[in-house]
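Q: I am new to this structure. Could you show me how to read a helix crossing and a chain interface?

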Amino acid sequence: MKRKNTNKYVSFALVIAAYAIMMVLISTGKITRSMQGMLVPISAYIVMAISLNLTVGILGELSLGHAGFMSMGAFTGTCAALMMLESVPNTGLRLGISMVIGAIFGGIAGFLIGIPVLRLKGDYLAIVTLAFGEIIKSIFNNLYLGFDKYGLHFQLLSEKGIKLEEGGRMLIQGAMGISKIKKISTFTAGFILIILTLFIVYHLVESRYGRAIMAIRDNRIAAESVGVDVTKYKMTAFVISAAMAGAAGALFAQNYSTITANKFDFNTSILILVLVVLGGLGNITGSIISATLLTILPEALRSFATYRMLVYAIVLIVVMLATNASSTKIMIDRLKARLGGNKEEEER
Amino acid sequence: MRFLSFLISGLSLGSIYAIIALGYTMVYGIAKMLNFAHGDVIMVGSYICFFAMMRYNLPPVVGVLLAMVVCTVLGMVIERTAYKPLRQAPSLAVLITAIGVSYFLQNAALLLWSSSPKVFPSIIGNGKIQLGELTISHVTLLTVAICLVIMFALTWFTGNTKMGKAMRACSEDKGAAQLMGIDVNGTISMTFAIGSGLAAIAGVLLCSAYPTLVPTTGSMPGIKAFTAAVFGGIGSIPGAFLGGLLLGVIETFAKAYISTQLSDAVVFSVLIIVLLVRPAGLLGKVINEKV
């Protein structure tokens, strides 16, 4: 229990310190433009990693479609922001509302997918989340949505049937996605979202809900037999995780001028999963660090130019082998024993 | 008549999925891991065959055999270097490693063979058979025939040979198999070898039917075939076959009767519905949990 608390303060301190340092660097102009442009995506990926960690690390169910919730939030949040262009002139407020809407729709999607998910286990559950991500991508790739003074008009497959009144505009144009987005996402908004996410997740983990969720992860049958309502707690974790992903999606989308459904495909889901696993399952601080490093890494490898993705792949394999292979594990344990003496005991 | 021709092209696509799904399902059955790099082994096989035929002017049969040999070796090398050290590791660690291998293969292909699409030549020409109003291309017939042959050969292999029995024993209980004197590591290697060899065949057939070859060619069919394997009940060989065929047919019908763009959504929706009704897939074994 004690260890968890210190971990919590480390997470908050880390995020706040990083924010403060970045703000100082930005105001003194010591930061490159490309680095500055990465701050919002990094924030979004941190939230994505934390929220997926809730599903994979804390609930213990493998999800391969987390980008689907991000997509849901990105599209609904951005559309909402575009519809509020005139009614809410304050960009900060508009971004806030759009993130809330993204979170709501993400949560709804999470609830819908949660219904089949709750019946399945392990790899079957994973494949359903994968399928769900692909369905979302496929639908947004073919959805045409227009908006005028009479409200929303939508149609699948083509925009032919949509006739807009004067002053109306197309919001989603099929595979072209949403274009002419106002870039209203800021690093400060990202920072607030991260802090909020951390607050929610830590609050959840330390509450009765969190203990029930972790009990389900560790032994579902035992948890059920002491009266834990498995369905309810699984669903709670799943919906919260999806809602946070939705908010992150809304933040992420409004950092670009165009966004397409293909940006949130299977590879994005996998990328987020990689962040979670490298950071450590159930370890929130780890997720934050790995999300930051792994978003910067491809940028930092730019000098390798064509080889950078290859290097990335090799780094990924080597890290997994180094941290998980039985031979290296024994070596690390020995090293720990020699260096720290009874450090292991202290941690517990 | 239209229905019949869609059904045949669906079966042909489904046969390709089935061959890929067999690789997934065998590896899953024995090593209990999702080998995400499988789709990229398909792509490597297609490139090998392509270069054998186009650059070195080898006959198609030699090209296919060469692709099979290369993929078999590749599969075993991947297993030895990346997966074997992780035998005792949590399954997620193995999954991420497999994803790393997949990225590695894709990007290595990108560097070696560039991202410009290659037009794959059909291995048996563009001949067609006319049956009344129905036209069936040779490629389609060959694909279905090869799939059937592989299916029967594999069923015989796992049922009757010493190696096949060893595989089944390992997939049931590795510890007990080892106590009976079965070389578990060798058996797992062998499974990867067979799966990767099949992937090469699938790659050649896939590219004969859909002739554009790029470094990411394997990833979407890989995901679909993985879906097919789960659809049929992962770990089961007849399940992979059935799942592959059904997935191919559903996808083709969805393309023909609903919409080309939404076909993926239809396929995956059907998958979700099937899993709701049969949570272990069509032919999967329902294992009761012991308390």
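A: Start with handedness: a crossing is left-handed if the near helix is turned anticlockwise from the far one by less than a right angle, and right-handed if clockwise. The model here is predicted.

Q: In which hand does H1(B) pass H5(B)?
A: The crossing of H1(B) past H5(B) is left-handed. H1 covers residues 2-31 of chain B and H5 covers residues 138-160 of chain B; their axes come within 8 Å and cross at roughly 35°.

Q: Which residues make the contact?
A: From H1(B), they include Ile8(B), Leu11(B), Ser12(B), Leu22(B) and Met26(B). From H5(B), Thr140(B), Val144(B), Cys147(B) and Leu154(B) are among them. By class, this contact of H1(B) with H5(B) has 12 nonpolar, four polar and no charged residues.

Q: How is the size of an interface given?
A: Often as the accessible area lost when the parts come together. Between chain B and chain A, about 3,900 Å² is buried, and carbon and sulfur atoms give 79% of that area. The contact involves 45 residues of chain B and 46 residues of chain A.

Q: How many salt bridges are counted between chain B and chain A?
A: The count is zero.

Q: Which elements give two or more residues to the side of chain B that touches chain A?
A: They are helices H3 (60-83), H4 (91-113), H9 (219-232) and H11 (263-277) of chain B. H4(B) gives the largest share, 13 residues. By class, this side of chain B has 33 nonpolar, 10 polar and two charged residues.

Technical notes. Residues are numbered from 1 along each chain as its sequence is written. Chains are lettered from A and ligands numbered from 1 in the order in which they are written. This is a predicted model: local features need pLDDT of at least 70, side-chain atom pairs count only at pLDDT 80 or more; totals for chains, interfaces and linings use all residues. Side-chain values use heavy atoms; hydrogens and water are left out. Axes are lines fitted to C-alpha atoms, for helices over the stretch in contact, and angles run from 0 to 180 degrees between N-to-C directions. Helices (H or I, at least four residues) and strands (E, at least two) are DSSP runs, numbered from the N terminus. Contact means heavy atoms within 4.5 Å. Ala, Val, Leu, Ile, Met, Phe, Trp, Tyr, Cys and Pro count as nonpolar, Asp, Glu, Lys and Arg as charged, and the others, Gly among them, as polar. Buried area is the accessible area (1.4 Å probe) that two parts lose on being put together, summed over both. A salt bridge is a side-chain nitrogen of Lys or Arg within 4 Å of a carboxyl oxygen of Asp or Glu.
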